[in-house]
Amino acid sequence: MSTDQISYAPMAAPVKQIATHPLCPITAAEIKQSVDLIRSLYPAKTDFVFKAITLEEPQKAQLVPYLDAEHSGRKLPHIDRKTFVCYYLRNTDKFHEAIVNLFQQRVESNVRLGPNIHGPGDWEEILLVEKIALEDEGVKAEIAKLDLPQGTAVLCDPWIYGSDGINDDLRMYQCFLYMRDPNDPSNLDSNHYAFPLAISPVVDCVDFKVIRIDMCPTGTDHATKEAQASWLPPPNEYTPEHQNLRTDLKPLNVVQPEGASFKVTKVGETGEIIEWQKWSFRVGFNQREGMVLYDVRYAGRSIFYRLALSDMIIPYGDPRAPFHKKAAFDLGDAGAGAMANNLKLGCDCLGSIHYLDAVLATARGEPMPMENVVCVHEQDAGIGWKHTNYRTGKAAVVRSRELVIQSIITVANYEYIMAFMFNQAGELTYEVRATGIVSTQPIDEGVDVPWGTIVHPGVLAVHHQHIFSLRVDPAIDGHANRLVYDEIHPMPVSDFNPHGVGYTVAETTVQKSTGLDTNTDTARTFKILNESSRNPVNGKAVGYKIHAPPFQKMVADPESFNHKRAEFADHNVYVTRYRDGELYAGGKYTNQSRGGAGVRAWANRKESVVDEDIVLWLQFGLQHVTRVEDFPVMPCEVIKLQLKPVNFFDKNPALDVPPSNQEFNRSTLVTEQHKQPAVEGRVGEGAACCSSKL
């Protein structure tokens with residue numbers, strides 16, 4: 001970065017802050033204040049493109065004493081309210097990041113960043129790039145060669161350019177073109193991914209013009225050909241009005257006649273505290289990560305300081321230009337907050353729903369209200385625990401209830417449904433459901449390739465990976481934690497173990513920051529422990545264990561840009577020593593990044609992580625070998641990561657959940673449904689979910 005270009009606004013008299021919490025998301029007024037203070041550094045007519053205006057979270061050394069005072073009822077220390085701002089001077093490559101102190105009404109730092117550091121995309125820019133690509137005379141000439149039917153609508157999907165080290169210093173978009181069904185061009189919801197074109201303009205983001213038009217290969221090799229008229233495939237629509245819908249599906253209503261079991265407390269203008277079944281935590285929301293959970297506690301005991309999805313990458317497997325650069329960092333390149341859906345009752349969430357709103361900033365620096373970006377609801381999760389005394393026939397059974405904190409994002413063709421799920425046994429699940437439409441490209445008739453699947457005539461869906469990184473900042477009974485892993489080993493056959501059936505569990509403590517992997521052959525299980533806090537029953541250190549599904553790590557070569565940039569994608573677990581500002585596993589700026597600024601680099605410091613303030617980066621994902629059934633819209637692929645207490649409690653913490661019975665959770669026999677009205681009741685056993693009426 002260019003440190004000689006730091007500039008500061010003069011310090012003004014401190015302003016009185018509205019009573020709020022240091023972790024509350026920023027308000028519309030705070031966005032406006034931040035923009036005004038940044039503008040004050042420049043001449044009056046300077047134009048800006050704001051890429052992010054978000055909360056600059058307090059340093060941990062400040063916030064931990066604040067939280068301790070808050071929970072003990074002591075006087076709260078003052079913490080200045082600050083925002084983080086990154087922006088361009090419009091129509092230049094001058095990219096800056098700044099810290100704005102709203103309490104002191106001054107810009108604390110304002111730094112122009114160096115080469116190969118680029119800001120994320122934004123809606124205004126994406127729409128502008130679409131317009132520029134489609135209105136370019138060279139692009140129009142190439143489209144004309146296709147001899148498409150009169151009135152055909154051609155669409156443009158701008159992709160972050162990616163990195164391959166070849167003439168990619170400029171910030172650019174690689175655009176992929178499609179068309180709507182030529183026989184129904186007025187249908188704005190037509191599935192254009194069924195009609196991919198081989199024309200791919202490249203747009204420069206300084207002068208905002210098309211600087212190159214690539215032709216995409218459509219055969220089995222790198223060869224390309226001139227645009228030309230060709231046979232048009234039939235449409236393949238996904239919207240309900242184009243389907244012959246089933247008629248035998250009955251309504252399912254989720255009813256809680258006494259209301260929801262969770263409590264939401266508003267804090268300031270934007271803060272929310274959620275309490276449910278002994279759990280308590282704060283919910284934040286920002287442009288990049290979307291949902292963030294802070295100060296997660298169970299029955300008052302500290303468990304996690306901060307939880308958020310840190311990063312994700314979707315690298316594609318086609319080695320040919322320009323497809324070889326398709327590697328989307330959807331959080332760093334676009335933003336989970338910026339791409340969040342407005343959730344709807346009865347569609348995205350069922351039951352008694354509480355919605356959380358947010359406010360982000362437009363590229364012009366104006367507040368942008370985001371309604372219903374997070375939904376909070378309960379759901380039945382099947383039997384939580386049960387035992388039947390076979391001697392007496394008495395059964396004790398408890399149904400499990402989950403609290404779901406959910407957000408959904410749309411990133412061009414794909415949707416991700418992301419949820420934190422709490423249960424009554426002190427367990428936390430992070431779930432991702434991948435759906436939407438696979439990214440498509442044209443392929444010649446009669447051609448088959450091993451890096452993708454033909455999902456529609458003339459349409460190839462390339463195999464790709466989805467690799468996620470969940471950042472877990474633990475505070476298991478305090479902030480001095482360690483990472484260990486258990487492994488199971490067979491006992492050697494001996495006089496003590498003559499039948500060869502014995503086995504033991506061995507615990508290994510991770511000494512230095514590093515990346516580690518699971519091992520199914522030894523049932524390797526990672527645990528976060530607090531050695532200074534001991535279980536009263538067995539004397540073992542209290543902790544939480546990590547249940548992460550195995551997945552194939554980054555397939556791309558270690559020397560590839562995909563591997564270098566996705567610093568989290570080569571290990572199941574990374575552990576690092578906490579440092580302020582290290583929030584994003586792939587680095588702060590992923591747009592056309594080169595690597596070296598993320599979790600792999602931080603782990604390579606080889607700092608001690610034994611009984612220290614540590615951070616865990618937990619990777620999970622799926623290898624998406626595409627199939628015809630993924631088109632025209634794919635059924636959800638579901639992946640879950642779980643955090644479970646291990647010797648944290650003195651018994652099953654769900655013992656005190658009320659038993660499930662017909663008085664509490666009502667069910668109705670299917671054969672009786674036509675004889676009597678369905679009985680309203682809480683979501684319960686058997687058919688209760690199906691028979692209750694709203």
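Biologist: In this predicted model, which strand is joined to strand 6 (residues 172-179) by 3 bridges, and in which direction do the two run?

Modeller: Strands of a sheet pair through backbone hydrogen bonds, in either a parallel or an antiparallel way. Here the partner of strand 6 is strand 7 (residues 199-204), and the two run antiparallel. Within strand 7, V202 is the residue that stands opposite Q174.

Biologist: What is the order of the strands in the open sheet?

Modeller: The order is 5-6-7-8, with antiparallel pairing. Strand 5 (154-160) and strand 8 (209-215) are at the edges; each has a single partner strand, so one side of each lacks a neighbour in the sheet. From one strand to the next, the twist averages 30°.

Biologist: Which helix packs on the sheet, and what angle does its direction make with that of strand 5?

Modeller: Helix 3 (residues 123-135) does, with a direction about 130° from that of strand 5. Helix 3 touches strand 5, strand 6, strand 7 and strand 8. Helix 4 (residues 137-144) also lies across strand 5, strand 6, strand 7 and strand 8, and it runs at about 30° to strand 8.

Biologist: Turning to pockets, what is the volume of the second largest pocket?

Modeller: Empty space shows up when a probe the size of a water molecule is rolled over the atoms. The volume of the second largest pocket is about 1200 Å³. Its lining has 45 residues, of which Y193, T410, A412, N413 and Y414 are the closest to the centre.

Biologist: Which element gives the largest share of that pocket's lining?

Modeller: Strand 5, with 7 residues. Other elements that each supply at least two lining residues include helix 3, helix 5 (330-334) and strand 17 (395-411). Strand 18 (414-423) and strand 19 (428-436) likewise each supply at least two. By type, the lining residues are 28 nonpolar, 10 polar and 7 charged.

Biologist: Which residues does UniProt list for "active site"?

Modeller: The unreviewed entry lists D330 and Y414. D330 lies in helix 5.

Conventions. Residues are numbered from 1 along each chain as its sequence is written. This is a predicted model: local features need pLDDT of at least 70, side-chain atom pairs count only at pLDDT 80 or more; totals for chains, interfaces and linings use all residues. Side-chain values use heavy atoms; hydrogens and water are left out. Two strands pair if DSSP finds at least two bridges between them. Helices (H or I, at least four residues) and strands (E, at least two) are DSSP runs, numbered from the N terminus. Axes are lines fitted to C-alpha atoms, for helices over the stretch in contact, and angles run from 0 to 180 degrees between N-to-C directions. Contact means heavy atoms within 4.5 Å. On a 1 Å grid over the protein atoms alone, a cavity is a set of points where a 1.4 Å probe fits but cannot get out, and a pocket is an open set with protein on both sides within 12 Å along at least five of seven lines; lining residues have an atom within 4 Å of a point. Grid points are joined across faces, edges and corners, and a volume is the space filled by probe spheres set on the points. Ala, Val, Leu, Ile, Met, Phe, Trp, Tyr, Cys and Pro count as nonpolar, Asp, Glu, Lys and Arg as charged, and the others, Gly among them, as polar. UniProt positions are given in the numbering used here, feature names are shortened, and annotations may be inferred rather than shown by experiment.
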